[in-house]
Amino acid sequence: MSCKHYKNSPQKYYKIISFATFVGLLYACSTTKKVPDGEYLLTRNNFKFEDKKESFDEELKNYVQQKPNKKQLLFMPLGLGFYNMANPKYDTLLNEYMTYPSEMRNQKLRDSLFIKYNMKSSVGKTLFMDRLLHSWGTPPVILDQTRSEKSAGSIKKRLVYRGFWDADVNFKHTLDSASKKAAVDYFIRHNDPTYIKDYYYNITDPTVKGLYWQKLDKSLIRSGQRLDQTVLEKEVTRITDMMRENGYYRFNSSNEEIYFVADSLKNKKQIPLTLEIHKDSADHPYKVATIGNIDVAIVNEASDFPAKTVKDSLRRIRFHKMDERYKTSSLWRAVIVDSKKVYDQKDLDLTKRNFIAMNNFSILKARDSLRRGGGTSPNDSIVDVLYLLKPLPKYELKLGTDINYSQILNLGISPSVDLTTRNIFRGAENLSTSISGTFGSIRSTKDISKRELAYEISAQAALNFPRLLLPFNYYKLLPKRYTPTSSILLGASVQNNIGLGRVNFNTGLNYQANVNDQVSHRLTLFNTQVSLTKNKDAYYDYFSNDEVIKNDILASYFTYDPITGQKYLSGELSLDNVSRQIVEDTSYQGILDQKGQDLLTAFKGTLVNKDRQTQDVIISSMIYNFVYNEIGKKDYPNAFYFNGKVELAGNILSIFNQKRDEGGIVTSPQRTIFGIPYAQFVKFDIDTRKYFKFNGNQTLVLRQFIGVGIPFGNSTSMPVIKSYFNGGSNDIRAWVAFGGLGPADSQLDERVRTYMTDNVKLTTNIEYRIPFNEMYEGAVFTDIGNTWSIRKPGEDNSYGDEFKFNKFLGQMGIGSGFGLRVNIAYITFRLDLAYKIYDPNKPEGDRWRFKNIQPLKPAFNIAFGYPF
């Protein structure tokens, strides 16, 4: 490349140079900068399988005692880079400094350490940057050759555990004295495995033996299998769970009642295996336990039971109360465990969860124990259960001020007052009332490069019931173990965000049931929203960009039809009359050149915006929501999440009234209730996420969102508050919310397209999260997606935003970037910087935006919590 070429095309190369400079800065601080002379930085552990590979071989890496510094971004050890960037003369001092509790780490401690290490000239220095790099960084892993030998031994033991009794493991060091780096090669030969020749079981208790025989088809062990100890462990767990589910109280609690005996005296390749199940003494045979007494006490202190309580009972459960604040029936609904039924630990745990979920009690004691009788000998077939509950305060007032970031509002402040009143009707019902306000800023509709004050003030009341509000007994249809609840909501809000502002009223009746820790169902009946738009006549005052386009099309049309122009100026025709005439005048449209056609298309877009933004609407819908969630569950390291929602609106209202309004310029007349049009639509939302954990605690997250809204009947388009838009901190982050992406590849003027919403949405997110330490975490991400309509080409209000299977992939916007997460207590602060990679709304040939990327001018996204 010549200098002349570079001078003529500097934009083409500066991004490459910037990236190379960044990498160079990290590696200028050589990875071996802080490796002592005569020592070696461990850079690789290589595993070479000399005969074959097994499915479990990847886990052998975990048995190596020394691992190289972790690599982030898949190829760079950033932690080591940060550590090396810190001044080496402070390493010893900072190592000791970090051993002190965080509350003691201050300037006084640093000064004392400066004196201790004879660094008096540094007294008073904060060492902020060195401390930051030191805390983010990780020291170099120095090769310890004796630990390689121990690692080889650990790998061999694991192979034996997995059934390869004759496995061989050797190792070799590769040392590079010049670069002070080393690698360790582990040479692994599995050789022939040891198999289970015959499988027997020796179970002395006939009942336990019979139950095991009934479930023998579920056994994980078969003759001819490799003798893998991990499979034997899983079989022990399976048997233990099976026996406890069938009433064997604390079965195998000592972990000594189930074990396997392998006879290797005659042969080490074909081993007879025997399952043994028995207690250590024949004097204590196994018995199926049943639930005996179930006691639930409502007390202020544990010592109040039983002396200060009065006993009541309902359906085999004994309740002990100091007063009549709580109805006995409301407490009975929370109790899953049942007297005289076979013991099942899951029922006890669910009962405890139900009491906590009622938000009326704290649990002082939850105990299950074998009943004592006949002196000191236990009766090991009856389990008595006791719950001691302490009522929470009747009233709970919370005052708060949150800092938040939403899709529409920018960084804002939200003061709130929340009052919880417990046990309203003596049935553990809670009334939650709140008044809150959100104040922030939005992108101005008059000038999208500026921001204006925005606010939302709302009042909400929710009456929560620890049962389903139904006129019949539903427990045979929906068991108590599903923890069914109901809530009645009533709320109102006033908001001013994207110009005109709205007044909203909402109410609804919600039912929820949790099948287990992963699965939940939610059904909302009579979910009703009334949305009223303020200052409709001021639309063009707020959306001044739409006004520019309106004035341009009026000037063009009045040149074509001066008479109409004169009638408009004299007031004989309204703006709506003229707008409708322009849209319907096919003769005028036939004389337009391409520039004129583009202007007309943009004008139609402004009319769609105007109708939607000024729309008053009633939405009365039924919503069903299904959630499957493995996130945060210890048994699911690679968690999966699914949230499916179906909403059906307007069908009930359609039978009440046939009166119609006049319609809008581009919308047809609609039937109304109390003069307000009601919406009819069906809407489907699917949100799926998959999390992959690897390299210790790094995470790759894949997310797919699919949304479709289908208007019908009284609606030709989705209400704006139920439509989809692009951009924001939890969506496609290279575009801010209402920031110009979409719909589809429409060439509408961005000033108009900015506030367009649509009824089909596809979004794919990929995020790779890299923890630096417990507090700081980095991320790189790519977001892909857009919105479309489901209109047919050429249909009314169509402006090139139709979803087409043969085109939608090329109509998706693509944005990428990186971010930082800061975890403080239970709050995660997030900063994401994103760049547009592919903009489908640009003309053909100019959609890939690499040449337009400005590294110092990303799209900033500030938020709290993870995006997904």
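Two strands pair if DSSP finds at least two bridges between them. Strands (E, at least two residues) and helices (H or I, at least four) are DSSP runs, numbered from the N terminus.

The views below come from a predicted model, where local features need pLDDT of at least 70, side-chain atom pairs count only at pLDDT 80 or more, and totals for chains, interfaces and linings use all residues. Residues are numbered from 1 along each chain as its sequence is written, and side-chain values use heavy atoms, with hydrogens and water left out.

**View A. Strand β18 pairs with β17 and with β19.** Let's start with the hairpin: β17 and β18 form one, with four residues between them. Strand β17 covers residues 502-514 and β18 covers residues 519-533, and the two run in the antiparallel sense over twelve bridges. To find your place, look for Tyr511, whose bridge partner in β18 is Leu523. Strand β18 also pairs with β19 (residues 617-629), again in the antiparallel sense, over eleven bridges. Here Val530 is a handy landmark, with Ile618 of β19 as its bridge partner.

**View B. Three strands make an open sheet in the order β1-β3-β2.** The pairing in this sheet is mixed. Its edge strands are β1 (41-49) and β2 (168-176), each pairing on one side only. On average, neighbouring strands are turned by 20° against each other, direction ignored. Strand β2 pairs with β3 (residues 181-189) in the antiparallel sense over nine bridges. Asp168 has Arg189 in β3 as its bridge partner.

**View C. Helix α7 lies across β1, β2 and β3.** This helix spans residues 145-161 and runs at about 150° to β2. Axes are lines fitted to C-alpha atoms (for helices, over the stretch in contact), and angles run from 0 to 180 degrees between N-to-C directions. Contact means heavy atoms within 4.5 Å.

**View D. Helices α3 and α6 pack at an angle of about 150°.** Helix α3 holds residues 78-85 and α6 holds residues 128-136, with their axes 7 Å apart. The two helices are therefore roughly antiparallel to each other, a term used for angles over 145 degrees. Who meets whom? Gly79, Phe82, Tyr83 and Met85 in α3 meet Leu133, His134 and Trp136 in α6. By class, this contact has five nonpolar, two polar and no charged residues. Ala, Val, Leu, Ile, Met, Phe, Trp, Tyr, Cys and Pro count as nonpolar, Asp, Glu, Lys and Arg as charged, and the others, Gly among them, as polar.

Conventions: Parallel < 35°, antiparallel > 145°, perpendicular 65-115°, else oblique.
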